[in-house]
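Subject: Structure handover and findings

Hello,

Here is the structure for your files.

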Amino acid sequence: MPMSKFGPGTIVFDPQGTAAAFECQVKSGGVAHAYEEVQEAVNYLGAGCQSAAVEERTDSLQFDIDHDLYSGGMYSFCLANDLQAVEFEYTPDTATGTTTPASWSGSVIVKLPDGVQGDEVGSFLSGSVEWVQAVAGTGGNFTFTPAADA
């Protein structure tokens, strides 16, 4: 069984209600899942009487990227769509040789990167982004499509 690798891959963002999809390259990152207990377990008097804890899952995209500051770059995309929901499809490895590479898709809220900075003269301007799912729910909202051969 082949193992998936990070890259070469694609991430495509499509602002809702537009046909202006946006693609960018990433240095590192991927999909993250976090769980939060929203209701504690409760044990009642009596044999077997209890209420289980309730958890919710939140999905997010987390990427470290080099930013270009042109009108078609990631930073401009973030400014133009700040706090807006956008559809995405993330395919971390397009070179696996499978008919259908593994991918995630869903909807996230765009936010500006944590900062855009360079370490020294001549270095790329880099920053990290984390975009959380646009739809709250107990099961997150990202859809995972496993890799498949024909």
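Buried means under 20% relative accessible area, exposed means over 50%, and partly exposed is in between (1.4 Å probe, protein chains only). By that rule His67 is buried, since its relative accessible area is 7%.

Two notes on conventions. This is a predicted model, in which local features need pLDDT of at least 70, side-chain atom pairs count only at pLDDT 80 or more, and totals for chains, interfaces and linings use all residues. Residues are numbered from 1 along each chain as its sequence is written, and side-chain values use heavy atoms, with hydrogens and water left out.

**Pocket**

First, the terms. The search runs on a 1 Å grid over the protein atoms alone. A pocket is an open set of points with protein on both sides within 12 Å along at least five of seven lines. A cavity is a set of points where a 1.4 Å probe fits but cannot get out. Lining residues have an atom within 4 Å of a point. Grid points are joined across faces, edges and corners, and a volume is the space filled by probe spheres set on the points.

The largest pocket has a volume of about 190 Å³. It is lined by 13 residues, and Cys24, Gln25, Asp66, His67 and Asp68 are the closest to its centre. By class the lining holds five nonpolar, four polar and four charged residues. Here Ala, Val, Leu, Ile, Met, Phe, Trp, Tyr, Cys and Pro count as nonpolar, Asp, Glu, Lys and Arg as charged, and the others, Gly among them, as polar. Strands β2 (22-24) and β6 (54-67) each supply at least two lining residues. Strands (E, at least two residues) and helices (H or I, at least four) are DSSP runs, numbered from the N terminus.

His67 sits in strand β6. Contact means heavy atoms within 4.5 Å. Leaving aside neighbours within four places in sequence, His67 is in contact with Met74, Tyr75, Pro113, Val116, Leu125, Ser126 and Gly127.

Asp66 is also in β6. What is its exposure class? Asp66 counts as partly exposed, at 29% relative accessibility. Not counting residues up to four places away in sequence, Asp66 touches Lys27, Phe124, Leu125 and Ser126.

**Cavity**

The structure holds one cavity of 30 Å³ or more. The largest cavity has a volume of about 40 Å³. Its lining is Ser4, Pro92, Asp93, Thr96, Pro101, Ala102 and Ala147. That gives four nonpolar, two polar and one charged residues.

**Nonpolar core**

A nonpolar core is a set of buried Ala, Val, Leu, Ile, Met, Phe, Trp, Tyr and Cys residues joined through side-chain atoms within 4.5 Å. The largest one has 18 residues. Ile11, Phe13, Leu61, Met74, Phe77, Phe88 and Trp131 have the most contacts inside it. Two or more residues come from each of β1 (10-15), β2, β6, α1, β7 (85-91) and β9. Beyond its sequence neighbours within four places, Leu61 is in contact with residues including Ile11, Phe13, Phe88, Val129 and Trp131.

**Aromatic pairs**

Rings of Phe, Tyr and Trp (its six-membered ring) pair if their centres lie within 6.5 Å. Planes under 30 degrees apart count as stacked, over 60 as edge-to-face and the rest as tilted. The count comes to seven aromatic pairs.

The Phe77 and Trp131 rings have centres 6.4 Å apart and planes at 35°, so this pair is tilted. Phe77 lies in helix α1 (residues 74-80) and Trp131 in strand β9 (residues 125-132), so the pair ties together parts 54 residues apart in sequence. Both residues are buried.

Trp104 and Phe144 are tilted too, at 5.1 Å centre to centre and 45° between the planes. Trp104 is in strand β8 (residues 103-109) and Phe144 in strand β10 (residues 143-145), so this pair ties together parts 40 residues apart in sequence. Phe144 counts as partly exposed, at 44% relative accessibility.

Phe63, Tyr90, Trp104 and Phe144 form one aromatic cluster. Tyr90 is in strand β7. Tyr90 counts as buried, at 4% relative accessibility. Tyr90 and Phe144 are 54 residues apart in sequence and 9.7 Å apart in space, C-alpha to C-alpha.

**Backbone**

Leu83 has a positive phi of about 65° although it is not a glycine. Leu83 is in the loop between α1 and β7. Its relative accessible area is 54%, so Leu83 is exposed.

Best wishes
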